[in-house]
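Work through the exercises below with the sequence and the structure open. Each task is followed by a solution in steps.

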Amino acid sequence: QVEVIRKFVGSLDHVEPEKVALAEELMVERAAEDDPNALARYGERWVRDVIDPDGAAPEDDEPQRPERELRRHIFRDGRMEFKGRLDAETAALFDALLAPFEKREADDTREYAERGGDAFADVLQKAANCPDLPTHNGYKTEVAFTISMDELKKSVDDRVLPGTRLTAGEARRIACDAHALPAVMGGDSKPLDVAVPAYVVPAHIRRGLVLRDRGCAFPGCDRPASVCHSHHIKSWLRGGPTALSNLVLLCGQHHRLVHRSEWEVRLDGGIAWFTPPDYVDPVRTPRRNHLHQAVRFPVVYPADVKMRGG
């Protein structure tokens, strides 16, 4: 206890002598009841708040740049491992951004680290959907698949595409909401003609989609629109139009589910209905999301589309 009191009083060398004397008196009185660990906690959590609430003045040679580091390593299969540190202000911002997405849900079997990873992915998706996202050479990030359209259409979902780390199913899912960059390649894989990149889902259609669906349209999902993908009900690879009548908002988890399973999606009056496969519901009763209040104004759609995920 004496050593704890000595160290604590020594940390108050910037405080007025009368306050130091009061702190020592309070610690000595408490030492009769607490062991050293409890006494140290009492000093930091209570006595310091009373004696020195503002702490020591910052040093004049405080570094101008905040301490931030990020080291990352990409494995051969495309996965990434990273480690870093953040200054206190950025750390608080980081925690505040993750908190809404990493809360435990009903029947949630994810561990703490898994929830944090999913929350981080949601924050990245939210940033990617931000209209003010910085550009590189005037363009937002593009991913080019050097593969023929016919091969992409007919490839089996779990087949890894040549020259990539992605399966055909993953490439088709990414293509739901990305830049389409038409290119003609020669026999020696040299580009012969590259067309102007086209947004699969233009900004004005995306805004209408957000106003209509408000968030992930999958039944029971409360993910906001800012972290959702624009999913083509009938794949644009199979001729599905990029129009509100053929689009629905899905979060990353349910976007992958629709592409990898037998869930069917259809639009009826601007409301997305999801029909589960028979192994989920033998009756296959259509379901919808009731959390986002999908329709709040009259919307006219030229045609409703029904298509198994693709």
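## Exercises on a predicted model

The model is predicted.

**Exercise 1.** Describe how strands S1 and S2 are joined, and find the bridge partner of Glu69.

Solution. Six bridges join the two strands, S1 and S2, which run antiparallel.

**Exercise 2.** Is S1 well covered or hardly covered? Then identify the nonpolar surface patch and the strands that supply it.

Solution. Count the buried residues in S1: among its six residues the count is zero, so S1 is hardly covered, buried meaning under 20% relative accessible area. Next, look at the nonpolar side chains on the surface. Leu70, Ile74, Met80 and Phe82 form a patch with about 400 Å² of accessible area together. S1 (69-74) and S2 (80-85) each supply at least two residues of this patch.

**Exercise 3.** Compare the surroundings of two salt bridges, Glu3 with Arg6 and Asp122 with Arg223.

Solution. Begin with Glu3 and Arg6, whose closest N and O atoms are 2.6 Å apart. Both residues lie in helix H1 (residues 2-10), three residues apart, about one turn of the helix. Glu3 is partly exposed at 41% relative accessible area, and Arg6 is exposed at 51%.

Now take Asp122 and Arg223, which meet at 3.0 Å, N to O. This pair links distant parts of the chain: Asp122 is in helix H5 (residues 112-128), Arg223 is in the loop between helix H8 (203-213) and strand S7 (228-232), and 101 residues separate them. With relative accessible areas under 20%, both count as buried: Asp122 has 11% and Arg223 has 10%.

**Exercise 4.** Which residues do ring pairs link into a cluster, and which arginines lie over the faces of Tyr42 and Phe75?

Solution. The count of aromatic pairs comes to five. Ring pairs link Phe82, Phe94 and Phe120 into a cluster; Phe82 also belongs to the nonpolar surface patch. For the charges over rings, Arg30 lies over the face of Tyr42, at 4.5 Å from the ring centre. Arg79 lies over the face of Phe75, at 4.9 Å from the ring centre.

Technical notes: Residues numbered from 1 in each chain as written. Predicted model: local features only at pLDDT ≥ 70, side-chain atom pairs only at ≥ 80, totals over all residues. Heavy atoms only, no water. Patch = residues over 30% accessible without salt bridge, like charges linked within 9 Å, V, L, I, M, F, W, Y side chains within 5 Å. Areas by Shrake-Rupley, 256 points an atom, 1.4 Å probe, with all protein chains shown as cover. Salt bridge = Lys/Arg side-chain N within 4 Å of Asp/Glu carboxyl O. Helix = DSSP H or I, 4+ residues; strand = E, 2+ residues; numbered from the N terminus. Buried < 20%, exposed > 50% of the residue type's maximum accessible area, 1.4 Å probe, protein only. Pairing = 2+ DSSP bridges. Phe/Tyr/Trp six-rings, centres within 6.5 Å; stacked < 30°, edge-to-face > 60°. Lys NZ or Arg CZ within 6 Å of the ring centre and 35° of its normal.
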